[in-house]
Amino acid sequence: MSGHFLEMRGLTAFYGDFEALFGIDLHLDAGETVAMIGANGAGKSTLMRALTGIVKIGSGEVALEGERIDHLDAPDILLKGIATVPEGRRLFPSLTVEENLLIGAHARKGDGPWNLQSLYELFPILHERRRSPGTALSGGQQQMVAIGRALMSNPRVLLCDEISLGLAPVVIKDIYAAVPRIKAVGTSILVVEQDIGQALKVADRVYCMAEGRITLEGRPDDLSRDAIHDAYFGVHA
Amino acid sequence: MITLDTIMQGILLGGLYALFAAGLSLVFGIMRLVNLAHGDLIVLAAYLILVIASVLGLHPFLAVLVAAPVMFAVGWLLQTHVLNRVLGDDLLPPLLVTFGLSVVIQNALLEGFSANSQKLAAGTVETQSLQIGSLMVGVMPLLTLATAAIVIFALNRLFYTTALGRAFRATSDDAVTARLMGIRPNRIFAIATGLALVVASIAAVYLGMRANFDPSIGPARLLYAFEAVIIGGLGSLWGTLAGGIVIGLAQTMGAAVNPEWQILTGHIAFVLVLLIRPRGLFPRAND
Amino acid sequence: MNLSSLATGRSSVMILSVVIVATLFALPFFAPRTVIQDLFGVLTLLVLAMNWNMLAGFAGLVSVGQQAFVGIGAYAIFAAVILWGLDPLVGILIGGLVAALFAVPMAFFTFRLNGAYFAIGTWVVADIARLAAGQWKALGGGTGTSLPKGTTKDMFGVDAIKHLLDVSTAAATDALTYWIALVLALVLFVASYLFLRSRIGLGLQAIRDNANAARSVGVDPVRIKAAIFILSGLGIGLCGALMFLQITRVTPDAAFSVIDWTAFVIFVVVIGGIGTLPGPIVGVAVFYCLQRLMADYGTVYLIILGLLGIGIMLFARRGLWGTFVDRTGLDLLPLRHMAPTRSGPSALPPLPATQTLA
């Protein structure tokens with residue numbers, strides 16, 4: 001494999017007999033922020049689940065710094081430094097905000113930039129609400145907890161699955177304001193979004209997916225609105 | 001007839017039932033698994049304590065310190081190699097596997113120890129009693145209830161103040177997301193079942209010191225334990241203690257009227273509580 | 001396997017079944033009495049197994065309290081004969097009816113409990129019934145009672161059979177109880193088959209396989225499940241009355257034995273293939289062979305049975321019959337005859353609308 005930090009080649013995935021991914025090629029360089037956009041059902045979430053070991057990969061390979069990780073189980077993938085902000089946030093309802101954050105550090109070995117203190121600086125509201133049950137928070141605050149929880153493992157790669165889903169535009173803006181701070185400590189970020197606007201603002205590079213295939217790749221500035229539109233809706237040129 | 005003494009006896013008996021039930025409650029709370037072999041595992045632990053006590057010449061209270069780690073290992077292995085394979089959306093496989101296990105343990109004990117009754121010799125403590133007000137209270141029943149309270153307090157501390165407890169709760173909430181946090185649910189479940197069998201060993205030492213036991217008595221202990229868990233509310237440990245006391249009280253009161261009615265009144269109390277409060281006395285909010 | 005050879009296979013199975021059933025009915029005319037007694041045991045176990053398979057395998061009701069119905073059936077027939085002086089055959093019917101009647105409040109209570117808790121809930125109720133039977137002083141309380149000598153001799157039909165077969169009274173009694181057990185097993189089997197292929201039966205299987213599908217099917221799961229639970233009370237009650245008529249002695253512990261009337265039954269169904277119609281038959285056959293081979297080993301036999309059940313659940317969840325069907329694709333008693341072979345992305349359960357009513 002070539003020298004990309006995180007690289008996927010020819011990735012396929014199935015739900016029973018149903019093929020959800022058809023040979024995905026994708027890469028992420030160190031410190032890069034990449035957005036993956038696509039409509040509902042395009043296969044973005046399946047891609048995330050395959051990458052994090054929740055869905056079994058059919059064929060193809062995934063490598064982190066040249067080391068194959070596609071056969072690993074979800075906890076081992078986290079240990080390799082890939083943390084996830086899952087779709088729908090999925091906070092643990094019987095844990096408080098602070099416990100939700102701490103559980104993110106469950107498997108952490110060494111130190112890093114992120115700990116309770118630095119996360120409370122990033123999202124001050126969470127400090128205020130730290131003793132509340134995670135699920136008692138507003139959607140935006142819950143999303144902050146989910147991001148913080150993933151950061152607590154001090155990952156090298158952060159995967160964000162639909163972090164703007166179901167949130168008001170003003171809240172989405174607040175959440176995305178954290179991305180440059182995360183980037184600043186050298187973390188590579190893969191953002192999966194239906195919301196094209198925010199994703200394009202923070203991304204160094206963009207992929208577009210439709211019907212389980214990559215339909216477009218490029219730098220946000222180089223891509224025309226029409227090209228993105230066609231790729232997003234799976235219109236074949 | 002029913003006197004203050006009867007009520008005291010009932011509450012103290014509840015301590016024993018809470019000990020039977022705590023392991024069941026723990027395992028159910030974490031992995032929604034109902035272990036139909038729980039009663040037989042308690043009896044198995046009692047025989048293990050009996051063997052350790054007689055071979056090493058130890059008092060049962062010391063023998064249980066040797067038995068508990070062994071039972072932890074039994075629980076760990078059982079969960080890792082058998083129960084983890086059958087956990088899932090389908091309720092049938094875990095039920096049938098634990099039911100099979102119950103039959104296997106009972107008959108293996110019968111084969112190894114015969115149907116003869118056994119007892120753990122506790123020495124003078126068996127007959128000692130304390131004067132509390134106008135009541136004479138046996139030291140052994142008092143110790144049982146105190147132990148039950150301590151065990152449940154300790155399990156609660158573990159659940160709500162430790163990293164392991166946090167992982168228990170997170171896995172119970174959402175095992176898939178827990179895996180994304182680096183938690184291995186199968187390992188968490190193995191620890192939980194191991195712990196449940198440590199509690200079962202503690203229950204076993206009191207079971208064996210207070211009365212005779214033989215290989216066939218497991219299923220009845222499972223029923224009392226189950227009744228305590230349900231009455232208390234699924235997944236609530238203090239509720240389980242309360243549930244144990246309800247069953248203990250009902251049985252003792254029934255027995256005071258007619259000794260043949262002891263078990264029957266316990267069962268009937270269970271049915272009544274459930275008809276009035278289907279989710280038990282202290283249901284957990286998010287179940 | 002192509003369709004025509006499958007059809008040939010099915011019609012030969014049909015012919016074979018008719019021959020077997022006819023032979024079973026004719027058996028008392030020429031077979032020795034011990035064979036009849038053995039087969040009586042096999043048939044009654046089969047009745048219990050088919051009932052439990054219906055509950056757990058099709059209706060999703062994993063009950064560990066079926067011994068309640070056996071015991072109630074047994075106590076009802078003893079009461080009918082000893083206390084009310086009725087003919088034992090009437091007693092059998094009363095046994096079934098009383099058990100079905102008891103199933104109503106039992107369902108009302110246990111249906112509040114979900115899944116695994118339903119299992120122990122039914123067990124508690126069965127234990128209540130056992131303890132209550134022990135309080136019935138007129139029938140011997142905790143130590144139980146026996147049928148008066150000659151009860152079965154005077155039973156309706158025994159005399160006729162005695163002359164027909166030219167055998168002793170005892171052998172005629174055995175033949176009569178055997179025929180009743182055979183009829184009970186056959187009726188249950190055919191009724192199960194017809195029910196499972198009916199619209200409601202297919203809906204029930206859809207519920208088992210996929211709760212969401214059931215909603216669109218438009219069946220009310222709770223009502224059907226309650227109906228099955230009560231009918232199983234009837235079937236098991238009849239069977240319990242019949243078995244204890246043959247045993248002639250009843251005690252609470254024997255009549256409400258969880259090992260004899262529920263544990264064995266569960267293992268039979270699990271080994272044979274839970275949720276398949278022929279599963280109980282296969283399971284009973286295996287069980288009978290094992291029992292024959294290992295009867296002398298007592299507890300070891302039970303240990304092996306338990307381990308076998310656990311092994312099946314771990315490695316071949318659909319039991320011997322289910323695994324056979326999965327491996328060979330040979331389903332001789334298909335419950336979904338119109339359903340195409342599973343293919344394509346969505347393996348949806350077949351909709352009843354596309355099924356012919358059986």
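Chain B and chain C meet in a contact that takes 34 residues from chain B and 32 residues from chain C, where two residues are in contact if their C-beta atoms, placed from the backbone, lie within 7 Å. On the side of chain B that touches chain C, at least two residues each come from helix 3 (60-86), helix 4 (92-113), helix 9 (218-232) and helix 11 (262-276) of chain B. Helix 4 of chain B gives the largest share of that side, 14 residues. By class, the side of chain B that touches chain C has 27 nonpolar, three polar and four charged residues. Here Ala, Val, Leu, Ile, Met, Phe, Trp, Tyr, Cys and Pro count as nonpolar, Asp, Glu, Lys and Arg as charged, and the others, Gly among them, as polar.

This is a predicted model, in which local features need pLDDT of at least 70 and side-chain atom pairs count only at pLDDT 80 or more, while totals for chains, interfaces and linings use all residues. Residues are numbered from 1 along each chain as its sequence is written, and chains are lettered from A and ligands numbered from 1 in the order in which they are written.

Chain B itself has eleven helices and two strands. These elements are DSSP runs numbered from the N terminus, helices being H or I with at least four residues and strands being E with at least two. Along the sequence, the pattern of chain B reads α-α-α-α-β-β-α-α-α-α-α-α-α. The radius of gyration of chain B is 19 Å, close to the 19 Å that the globule rule gives for 287 residues, so chain B is as compact as a globular protein of that length. That radius is taken over C-alpha atoms, and the globule rule is 2.2 Å times the number of residues to the power 0.38. The C-alpha trace of chain B spans about 60 × 50 × 35 Å along its principal axes.

Of the 287 residues in chain B, 57% are buried. A residue is buried if 20 or more other C-beta atoms lie within 10 Å of its own, exposed if 12 or fewer, and partly exposed in between, with C-beta atoms placed from the backbone. Among the contacts in chain B with a separation of 6 or more, 75% are between residues 24 or more positions apart.

S114(B) lies in the loop between helix 4 and strand 1 (129-132) of chain B. S114(B) is not a glycine, yet it has a positive phi of about 65°. With 11 C-beta neighbours inside 10 Å, S114(B) is exposed.

Chain B also touches chain A, in a contact that takes 20 residues from chain A and 16 residues from chain B. On the side of chain A that touches chain B, the elements giving two or more residues are helix 2 (74-79) and helix 3 (97-104) of chain A. That side of chain A has twelve nonpolar, six polar and two charged residues.

Chain A has ten helices and ten strands. Its radius of gyration is 17 Å, close to the 18 Å that the globule rule gives for 237 residues, so chain A is as compact as a globular protein of that length. The C-alpha trace of chain A spans about 50 × 35 × 35 Å along its principal axes. Buried residues make up 46% of the 237 residues in chain A.

Chain A has a positive phi as well: E211(A), not a glycine, has a phi of about 50°. E211(A) is in the loop between strand 9 (205-210) and strand 10 (213-218) of chain A. With 16 other C-beta atoms within 10 Å, E211(A) is partly exposed.
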